[in-house]
Amino acid sequence: MNLEETYSSLGLSDHEYDRIIELLGRAPNYLELSLFSVMWSEHCGYKNSRPLLRRFPNAGPRVLQGPGENAGVVEVGEGWALAFKVESHNHPSAVEPYEGAATGVGGIIRDILAMGARPVALLDSLRFGPLDEERNRYLFKEVVRGIGGYGNAVGVPTVGGEVEFARAYSGNPLVNAMCIGLTRTEDLVRSRATGEENLVVLLGSKTGRDGIHGATFASDELTQESEARRSNVQVGDPFCEKMLIECCLKLLEEGLLVSLQDLGAAGITSSASEMAAKGGVGIEIEADRVPLRESGMEPYEVMISESQERMLAIVEPAKVDGVLEAAERYELVGAVIGRVADHGELRVKTRGETVGSVPAGYLADAPVYERDVVRPPYLDEVKTLDLTSIPEPEDYNEILLRLLAHPNLCSRREIFEQYDHQVGTDTVVLPGADAAVMRIKGTNLGFAATTDGRGRHCYLDPKGGGAATVAEAYRNLSCVGAEPIAITNCLNFGSPEKRENYYQLAACIEGMAEACEVFGTPVVSGNVSLYNETEAGTVYPTPVVGMVGVLEDVSRHATPGFKREGDRVVLIVDFPVSLAGSEYLEVVHGGVAGAPKSPDLAREKEHADVVRRLITDGLVDTAHDVSGGGLAVALAEMAVAGGIGVEIDETEIEPKFGSGRKDIGLFGETGAHFLIAVPEERWMTLQRSLGVAGVPYDDIGRTGGDRFKIGDLIDLELEDVEEALERDLFP
Amino acid sequence: MRIGVTIFPGSNCDRDALYAVERIGAEPVELWHADADLKGVDAVIVPGGFSYGDYLRPGAIARFARVMAPLEDFARSGGPTLGVCNGFQVLTEAHLLPGALLRNTHMRFVCRRVRVRVETTSTPWTSSCEPGEELELPVAHNEGNYFADATTLTVLEDEDRVVLRYLDNPNGSANDIAGICSEGRNVVGIMPHPERVSDSTLGSEEGLRILRSVLVGARV
C-alpha cells in the first residue's frame, strides 16, 4: 500500500494528511496516523457538525455541566443532579444487530459513569425499515434482544423509548441509546487529567482486536462491503460492566480517583488525548503494559482498540494500591499503563521506547468544515398535497383498526416487556405512558424522561420538524406532570458532504435551537451520527431528542389510561389540524407529502404548561398528548390503557377542524393538542382553571362502558380496539 | 431482626432487597460472595440479577461461591432463606430446592406484573398472607420456566410445598408454579419480585405481604 492509499484507507483526506504534516512538521508514522484517523473522524471530531452545533443554547440555571464532557449534568434539587446523554450505535447495529445494540447500551452507561453518577435509567430510540422485509424483521428483533440482553443483565432499567418504521431506514437502522445517572452534586467528577507524575490506570476488561477503526467505520456510508467489516463491531459483556459500575462508584466514594473517563470510540487514544487536552498536560501510555486478551497486538492496535467495558482513571501514586485492590475485589483487570507528563503530548511507548508522539491538543482539534447551506429543490416538490386526491374513508371503524395495528402506532408492550424496566425499584410510571417517571429515594422528588424523533416531518420540513421534535418531547414530559429542564440529542443524518443532507442538518438544528430557547430547555450533551445512508438511499433526517424534567412531588403525576367511569374527557385545542405528513396519510393512503404544521412554539409552551399545572395541582391524573394518528388514536390509547370505554360527541370536534372532512378531525395532526379526563366533581374547578389560563378547550365526551364510540363514525367493542393495538410485533 | 442479602458478582437486585428489608423495619446486612460466614443474621435473601453473568447456566457458578457453604448450613438447619428470581435459580443449583428453571417457553425475556395465588402460608415467607390470597407481583426473567420430574411435582403438590402459583403463567412453568419451599419449609424460592412492589410510591405494597412474614415466624 502506498502512502496515499494508507491514509485514505484510514478515512483521512489529502487535505487532512497535509494538515497533519503541517502540524507535526514531519510525516507521521503509521501509529500516529491511526491516532489522527480515529480522532479526526466525524464520530470523534465533529468536523462537519461543530460549526452548526454552536447554534444550540447550552446555558440555564439548572445546568451544572454542558457539552464537552462525557455527559451533560443538571440540578434536580435537594443536592441531587442528573447526568444524561444519548448516543448512536447505528452502523454497528446495521451489520451485527445484537452486539451493536448491546454495546450501544454499554457505551452510554459508561459515559454516565464517567461523571461519577450511578446509571439509573435507559431509553432507546429505534428506526427500522418496514417489517414486510425479512432483513428488517431480523434487525428489529435482534436490536431489541441486544438492548434487553445488555440492560437487563447490567441492572439498569430500560424505562422508555420509541420506535418507528419507514422505508428510508431499510438497511440503515437507527439505534440511539440514552442513559440517565443520578449523583449528589458534590460528587460530580470530570475527565480532566492533572498532576504530573500521577498515574494512568486502566480498569475493566482486557484489550483485544475488537472494534479496531470502529470510529472510522461509523463515519462512512454503509455499503455491501460493510458486512465484511463486522470485525469492526465490538462484543459486549454486561457482567463485566456491572462490576465496572460498582467498582468505579466505590473508588469515587473513597476518594481514590483524580479523574475518570470511559473508553468509547477510538479506545485509549481518545480517552487519553481528551483527558490530556482538557488538563493541558501530556500523557504517556506504555502499550506493553496494557493487559491483552490476544497475543501479537501492535501498539497502534492497542491504542485504538474499542474493546468494551473499560475505563481510564488518573490516580495519585500513593492511592494506586487501593485502586488496584478494589479492581481485584470486583474481579476486574486493573493496570497502571502510563502517567501524566508535562510535555503536552500523547506519547506511546513500548518496552521503554517511544513509538509515537503527538501533541494531545492536535488530536482533540479536528479540522472543521463549514459548508454552504443550500435549500434542496425536493422540499418544494413534497410540500404539495392535493386533498381531492385523498378519498374520505367509507368505514371509519376499519380505518381506525388499521391505524392502531400499524407498527408505527400499535402498543410497544411486546418490546418493553423484554426489558427489565423495574430493577432499582425507582420506576414510578412504567413504559407505555407519555414519559417514564422515576423517583429519587429518600425524597419526594422525581424526574421524568422521554426520547422523541420525527423523521418524516423533518424530511418534509427540516426546520419545522426539528422544532416539532423538541415540542413533542416537551409535551410528553408535561403530560406526566414533569417540568422539562434540559435536553440531549442525537443527530442522525446522511453524509454532510452532500448538499441536501447538509441543509437538512443545518435546518433541523435551527428549528431545534429555536424551540429550546422558547422552552428554556438547553442542550447539555449530544452526539452526531452522519453518513447514515446505503446504496438504496439516505435515512430521513432524524434528530432524536432526549428530554428530562423534574417533579417536585413525584406522587403528583398523570398517565394516559382512563381511571374511572363517568369522567369528562376534555380536549385542549390547537389549530389547524392537518393531514399533511400525517401517519394516516402514509398508512392509509400511502402518501408522504404536504407541509406539516410548524409548531407555534409560544402556544405549545402555554398549553403544555397549563396541562402540567393541572397535574401538579392535583386536579388531573389522566393526560395524553395527541400525536401520530390524531385524536381517534390518542383516545383509543387512553381507553385501552385504562380498560374503560368512551363515548365522544363527534359534533364537538368535527365542525372546528374538519373543513368538511371528518377524517381530518379524527386522524389529522397538529401541535399542542392535549386530552385530559376528570371526574364530574372536579369539572367545575377544571373549567375555572382553564378559563383563567385562557386556553381553548372543549368537553368532548365521557368515559365508561365497554365500547369505543365517536359519534356516528366509530363504534367498536373496546376488546376489538385492544386487540388491534396489542398486536404482536414479533410474529 | 437482621436479614442478610447475598451479593454475587452480577447480582443486581441486591440493593433493592436491602432497601426492602429496611422498609419492613429489619436491619439489612450485606453478605459478600467471598465472605466465609453469615455475620449472625436471622434470615437470608438471595436476590435477583445475573450472578456471574448467568454464564454457563443461571446460578450454576454462584452456588460455588464461598458464602454458599455457611448459607447451605444455615438453610439445612432451618434458617429462613428466600431466593428471588436468580436467587431461586441459585437455590435449585445448590440443591436446597428441587427442580430447575428453564428458558421461558416463548424464548423471550419477560418483565410484567402477573397475578399469583398464595398456595400455602406455612412457610416463614408467607405466614402473614391469607391462604388462597391473590397478589399482583412483577416478574423479570429469561429462565423462569419451572421444571421437575413428575414424581417431584407430585411430592411438591402432596406436601403442600407449592408456595405461589401463577394465575396467568408467563413462562410455561410446570403446574403454573411460581414458587416452592423445601421439605423443611424454611427455604423458599420464588420467581416474582416482592421487593419491587414494597412501596406505595411505586403503586403497590403487595410485596410486603411476603417480606413481612419473616418478622412473624423467623424459625420454623
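**Exercise 1. How many helices and strands are there in chain B? Describe the overall build of chain B.**

Solution. This is a predicted model, in which local features need pLDDT of at least 70 and side-chain atom pairs count only at pLDDT 80 or more, while totals for chains, interfaces and linings use all residues. Residues are numbered from 1 along each chain as its sequence is written, and chains are lettered from A and ligands numbered from 1 in the order in which they are written.

Step 1. Chain B has six helices and 11 strands, where helices (H or I, at least four residues) and strands (E, at least two) are DSSP runs numbered from the N terminus.

Step 2. The radius of gyration of chain B is 15 Å, close to the 17 Å that the globule rule gives for 220 residues, so chain B is as compact as a globular protein of that length. This radius is taken over C-alpha atoms, and the globule rule is 2.2 Å times the number of residues to the power 0.38.

Step 3. Of the 220 residues in chain B, 58% are buried; a residue is buried if 20 or more other C-beta atoms lie within 10 Å of its own, exposed if 12 or fewer, and partly exposed in between, with C-beta atoms placed from the backbone.

**Exercise 2. Describe chain A in the same terms.**

Solution. Step 1. Chain A contains 27 helices and 28 strands.

Step 2. Its radius of gyration is 26 Å, close to the 27 Å of the globule rule for 731 residues, so chain A is as compact as a globular protein of that length. Along the principal axes, the C-alpha atoms of chain A fill a box of roughly 85 × 55 × 45 Å.

Step 3. Buried residues make up 62% of the 731 residues of chain A.

**Exercise 3. At what angle do helices α16 and α23 of chain A pack, and which residues meet?**

Solution. Step 1. Two packed helices are described by the angle between their axes and the distance between the axes. Helix α16 (residues 396–405) and helix α23 (residues 630–642) of chain A pack at about 70°, with axes 10 Å apart; axes are lines fitted to C-alpha atoms, for helices over the stretch in contact, and angles run from 0 to 180 degrees between N-to-C directions.

Step 2. α16(A) and α23(A) are therefore roughly perpendicular, since angles under 35 degrees count as roughly parallel, over 145 as roughly antiparallel, 65 to 115 as roughly perpendicular and the rest as oblique.

Step 3. From α16(A), A:L400, A:L403 and A:L404 meet A:A632, A:V633 and A:A636 of α23(A), two residues being in contact if their C-beta atoms, placed from the backbone, lie within 7 Å.

**Exercise 4. Which residues make the contact between α23 and α27 of chain A?**

Solution. Step 1. α23(A) packs with helix α27 (residues 718–725) of chain A at about 105°, the axes being 10 Å apart.

Step 2. On the α23(A) side the contact is made by A:A636, A:A639 and A:V640, and on the α27(A) side by A:L718, A:V721, A:E722 and A:L725.

**Exercise 5. Is A:D426 buried or exposed, and which residues does A:D426 touch?**

Solution. Step 1. A:D426 is found in the loop between α17 (413–416) and β14 of chain A, and A:D426 is buried, with 24 other C-beta atoms within 10 Å.

Step 2. Not counting residues up to four places away in sequence, A:D426 touches A:V120, A:M438, A:R439 and A:K441. The C-alpha atoms of A:D426 and A:K441, 15 residues apart along the chain, are separated by 7.3 Å.
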